[in-house]
Amino acid sequence: MRKTLLATGIFLASISAAHAAQTTMSNFSYDYAEARIGISPLTYGAGFSKSIHPNAHLTGSVDSEFDSDWDVALGVGFHAPVNNWADITGEIKARNAKNGSEFNSSGGKLGMEVNIGVRQWLGPQLEVGGQIGHLNISDHEKTIGSVYGRFHATELFSIGVQARFNEVYDDQIMLSTRFKF
């Protein structure tokens, strides 16, 4: 039932995105490389996003504690303006995860993630946002989410803090830097 509701929401949002694309462009850059550190547990990671269409992007990330573990994601997403200061986003990703508790096998466990979110400008340099999604890896199903704030120091560089809930590494605070290209 949750998968059907989430898929329906993404479908309806994509219809809205197609309509909005005819009138205005996205409010945010989706071309960046990111370095990040997770707190509790301590993880190190990197991510990227690359626009492939005015309202679509490729995305990927990898995180690890460097203890024979990983969380790798690769997928495609959409983004569309809601107004002049906000975008609605959605992504579908293939995920491969290995950790000591839930996803413990030599090659990790393969699954998928579907999410929908929003990005909002609070001022010329301050961005906030959040996502909610569904993670299905092997026989483990979770509802996941995150909220974040990002300060754009320059047009090409920003720093951020993100709270992630119910993810592969459970609840976690992430500190990140993004470099726009």
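This is a predicted model: local features need pLDDT of at least 70, side-chain atom pairs count only at pLDDT 80 or more; totals for chains, interfaces and linings use all residues.

Let me begin with the overall arrangement, which is a closed barrel of ten strands, running in order from β1 through to β10 with antiparallel pairing. On average, and with direction ignored, neighbouring strands of this sheet are turned by 20° against each other.

I will now follow a few strands in turn, starting with β6, which covers residues 109–121, and β7, which covers residues 126–137; these two pair in the antiparallel sense over eleven bridges. Together they form a hairpin with four residues between the strands, and within the pairing Val114 stands opposite His134 of β7.

How many residues lie between the strands in the hairpin of β7 and β8? There are two residues, and in this hairpin Ser138 takes a positive phi near 55°.

Staying with β8 for a moment, I would point you to Thr143, which lies in that strand. Thr143 counts as partly exposed because its relative accessibility is 37%, which falls between the 20% limit for buried and the 50% limit for exposed. Thr143 and Val114 are 29 residues apart along the chain, and their C-alpha atoms are separated by 9.8 Å.

The last pair I want to mention is β9, residues 157–167, with β10, residues 170–180, which pair in the antiparallel sense over nine bridges; in this pairing, Val161 has Leu175 of β10 as its bridge partner.

Next, the empty space. Rolling a probe the size of a water molecule over the atoms shows where such space is left. The largest pocket holds about 250 Å³ of space, and of the 18 residues that line it, the closest to its centre are Ser29, His152, Glu155, Ser158 and Lys180. Which elements give two or more residues to this lining? They are β6, β8, β9 and β10, and β10 gives the most, with three residues. Sorted by class, the lining of the largest pocket has seven nonpolar, four polar and seven charged residues.

Finally, I turn to some backbone details in the loops. As background, most residues other than glycine have a negative phi, and most peptide bonds are trans. In the loop between β1, residues 32–39, and β2, residues 43–53, we find Pro41, and the peptide bond from Ser40 to Pro41 is cis, with omega near 5°. Ser40 lies in the loop between β1 and β2 as well, and its phi is near 60°, a positive value in a residue other than glycine. Is Ser40 buried or exposed? Ser40 is exposed, because its relative accessible area is 57%, and the cut-off for exposed is over 50%.

Phe66, in the loop between β3, residues 56–64, and β4, residues 70–83, has a positive phi of about 60° although it is not a glycine. With a relative accessible area of 66%, Phe66 is exposed.

Terms used. Residues are numbered from 1 along each chain as its sequence is written. Side-chain values use heavy atoms; hydrogens and water are left out. Two strands pair if DSSP finds at least two bridges between them. Axes are lines fitted to C-alpha atoms, for helices over the stretch in contact, and angles run from 0 to 180 degrees between N-to-C directions. Buried means under 20% relative accessible area, exposed over 50%, partly exposed in between (1.4 Å probe, protein chains only). On a 1 Å grid over the protein atoms alone, a cavity is a set of points where a 1.4 Å probe fits but cannot get out, and a pocket is an open set with protein on both sides within 12 Å along at least five of seven lines; lining residues have an atom within 4 Å of a point. Grid points are joined across faces, edges and corners, and a volume is the space filled by probe spheres set on the points. Ala, Val, Leu, Ile, Met, Phe, Trp, Tyr, Cys and Pro count as nonpolar, Asp, Glu, Lys and Arg as charged, and the others, Gly among them, as polar.
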